[in-house]
Amino acid sequence: MRILFIGAGVSSTSLLKHLSELKLNENVAIDVVDSKNHIGRGQAYIEDSDVLRANVPVQEMSLDKDATHYERWLKEQGYVVDRFSSRRQFGEYMEDVLMSIVRANDNIQVIKDKIEHLDYDGQLFHCQIGNKEKCYDIVYLGIGMLEYMDPYELKGMENFIYNPYPIIKELKDVKQNVAIVGTGLSGIDCLRYLLIERNLGKVYMFNRSNELPAVRGTHYDFNFEYFTRDTLLKYVQDEQFTLENVKSLFIKEMRYQEISLELFERKSGDIIKDLQFDVDHPDTVGKLEYFLIEFNKIFTPFLHLLSKAEQKKLFEEYQPYISSNYSPMPREVATHIIEWLQSGRLEMIEDLEKIEKKELFILTADEKQYEMDVVINATGTNMDITSTKEPLVQHLYMKKLIEPHHLGGLKVDSHYHVVSPKYGVIKNFFAFGELTIGMTYLSNAVFDIFDMTREIAIEIKQTANNPAKNKKTD
Ligand SMILES: Cc1cc2nc3c(=O)[nH]c(=O)nc-3n(C[C@H](O)[C@H](O)[C@H](O)COP(=O)(O)OP(=O)(O)OC[C@H]3O[C@@H](n4cnc5c(N)ncnc54)[C@H](O)[C@@H]3O)c2cc1C
């Protein structure tokens with residue numbers, strides 16, 4: 001029984017950890033393939049500047065059932081443990097976790113390569129790794145996010161930095177008069193590197209709307225009274241599982257937990273005031289943030305049971321309120337941003353309409369024009385597999401092995417089997433992580449991925465132990 005893992009980032013490492021604990025049969029051989037710089041690190045935790053912070057506390061990022069695992073590892077390495085580590089440190093940790101699994105299991109090997117083609121004959125998968133043709137019974141696709149978007153069509157132009165990572169390499173020569181386009185977590189990474197490590201005098205950040213992520217508050221543990229898995233199951237059984245009912249239950253739970261709904265409306269548009277509010281009210285804001293984490297854990301497995309129209313409504317009407325409180329930035333990051341805005345080292349400009357390239361870049365925002373030497377792209381990643389330039393995904397799509405999920409990424413069933421337009425549900429083809437974002441909703445933090453891959457490990461184990469079943473697709 002041969003299993004191929006494509007990608008060795010957060011989801012693959014988490015899955016391998018669970019599989020190694022489940023003890024697969026000795027006749028199972030696993031190949032884990034990823035490019036040299038990404039093995040065990042994924043795309044977010046590569047070797048890079050230490051000013052790039054994880055936005056989830058150390059105590060919540062263990063790749064182990066022991067929640068103190070990462071913290072203990074940091075101490076063992078001699079690192080000073082703050083509430084948030086750098087992403088580079090987490091990458092080192094994850095690589096160590098992966099390599100420990102590989103060392104302890106003779107049947108797992110890591111191969112440095114990038115896979116560009118994968119074919120399926122209805123039973124087995126075929127691909128080329130190095131110069132060898134290989135054949136696998138089961139494939140796990142954990143290749144993370146697709147390429148960066150390019151909404152202003154600037155890719156390839158001189159002084160346009162399309163992909164800013166690794167920041168220590170891509171931004172090392174950036175001098176004055178620089179615009180970061182995008183104010184999400186990647187934009188904040190670029191900002192911190194340029195103002196802290198490179199000590200530039202001033203940086204401009206542009207966006208369509210001037211919203212920044214919330215600031216992480218105090219950790220809360222919840223035990224929900226109303227918004228429970230059992231209640232949602234009952235709704236499903238009674239054919240009452242509608243967005244309206246989910247919303248009512250959500251509000252009832254918020255009231256029970258004494259969290260004000262008005263917190264969703266707390267942003268005034270004045271960035272300094274908004275960040276300062278979160279910094280000054282860690283208990284209030286933290287309670288909402290951890291409430292949403294608990295909500296997400298319970299709700300995500302049910303999301304696909306809403307009609308497509310209701311899922312769309314959820315994303316259009318309610319999602320902005322939820323996601324702006326879901327991946328909050330560390331407090332230290334927020335206080336720096338406040339200082340820089342107050343001192344004029346950072347200027348944030350909203351209503352970005354267009355960017356043109358003449359001799360310099362001309363950014364038009366709010367009917368004014370700004371001339372910039374360098375533009376850094378921090379507008380996020382493409383989630384549409386039909387338009388991606390990523391060769392493997394393009395190939396799988398052309399071969400009708402994968403199809404798009406209407407909310408982004410590729411379509412999988414509730415057990416994370418890939419759904420193919422040609423073969424239906426492929427029982428020996430699994431996908432998860434950033435690539436299945438439409439199905440996994442908000443569950444893309446390390447702790448979500450670690451928790452959710454446990455189920456997939458059980459599925460893979462069952463599939464590996466029942467080879468006859470692999471040959472069947474629905
Ligand atoms: C900038 C950023 C910061 C984040 N910060 C945090 C944080 O602080 N805390 C947190 O909990 N979550 C954070 N996240 C979210 C979390 O890290 C991701 O959701 C998670 O890494 C996704 O796991 P994955 O396995 O899908 O992808 P990844 O971890 O990115 O792994 C995918 C791997 O597949 C490899 N790959 C791609 N294509 C191929 C191919 N064709 N052949 C072989 N290998 C391939 C890539 O090289 C990569 O190593 C962050 C995400 C980003 C983008």
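Modeller: Let's start with His-395. His-395 counts as buried, because its relative accessibility is 13% and the cut-off for buried is under 20%. Keep in mind that this is a predicted model.

Colleague: Which helix is His-395 found in?

Modeller: His-395 belongs to helix H12, which covers residues 391–398.

Colleague: And what does His-395 touch, leaving out residues up to four places away in sequence?

Modeller: Four residues: Glu-116, His-117, Leu-118 and Asp-119.

Colleague: How far apart are the C-alpha atoms of His-395 and His-117?

Modeller: They are 6.1 Å apart, although 278 residues separate the two along the chain.

Colleague: Which side chain makes a polar contact with the side chain of His-395?

Modeller: That of Asp-119, at 3.0 Å.

Colleague: OK, switching to the ligand. Which residues come nearest?

Modeller: There are 35 residues around the ligand, and the nearest are Ser-11, Asp-34, Tyr-45, Asn-444 and Val-446.

Colleague: What about polar side-chain atoms and the ligand's oxygen atoms?

Modeller: Asp-34 places a polar side-chain atom 2.5 Å from a ligand oxygen. For His-38, a polar side-chain atom is 3.3 Å from an oxygen atom of the ligand. The backbone takes part too: a polar backbone atom of Gly-142 lies 3.4 Å from a ligand oxygen.

Colleague: How much of the ligand does the protein bury?

Modeller: The protein buries 93% of the 990 Å² that the ligand exposes when taken alone.

Colleague: Which elements give two or more residues to that shell?

Modeller: Helix H1 (10–22), strand S2 (29–34) and helix H14 (446–465).

Colleague: And how do the shell residues divide into nonpolar, polar and charged?

Modeller: 17 are nonpolar, 12 polar and six charged.

Colleague: Now Glu-60. Buried or exposed?

Modeller: Buried, because its relative accessible area is 14%, against a cut-off of under 20%.

Colleague: Where is the place of Glu-60 in the chain?

Modeller: Glu-60 sits in the loop between S2 and helix H2 (69–76). Beyond residues up to four places away in sequence, Glu-60 touches Arg-216, His-219, Tyr-290 and Phe-447.

Colleague: Zooming out, how is the chain divided into domains?

Modeller: Domain 1 is 2–147 + 382–470, domain 2 is 160–212 + 330–377, and domain 3 is 229–323.

Colleague: What separates the centres of domain 1 and domain 2, and how many residues does the contact take from each?

Modeller: Taken over C-alpha atoms, the centres are 32 Å apart. Domain 1 gives 13 residues to the contact and domain 2 gives 14.

Methods
Residues numbered from 1 in each chain as written. Predicted model: local features only at pLDDT ≥ 70, side-chain atom pairs only at ≥ 80, totals over all residues. Heavy atoms only, no water. Helix = DSSP H or I, 4+ residues; strand = E, 2+ residues; numbered from the N terminus. Buried < 20%, exposed > 50% of the residue type's maximum accessible area, 1.4 Å probe, protein only. Contact = heavy atoms within 4.5 Å. Polar contact = N/O pair within 3.5 Å; in protein donor to acceptor, adjacent residues only side chain to side chain. Near = heavy atom within 4 Å. Areas by Shrake-Rupley, 256 points an atom, 1.4 Å probe, with all protein chains shown as cover. Nonpolar A, V, L, I, M, F, W, Y, C, P; charged D, E, K, R; others polar. Domains from an automatic or database assignment.
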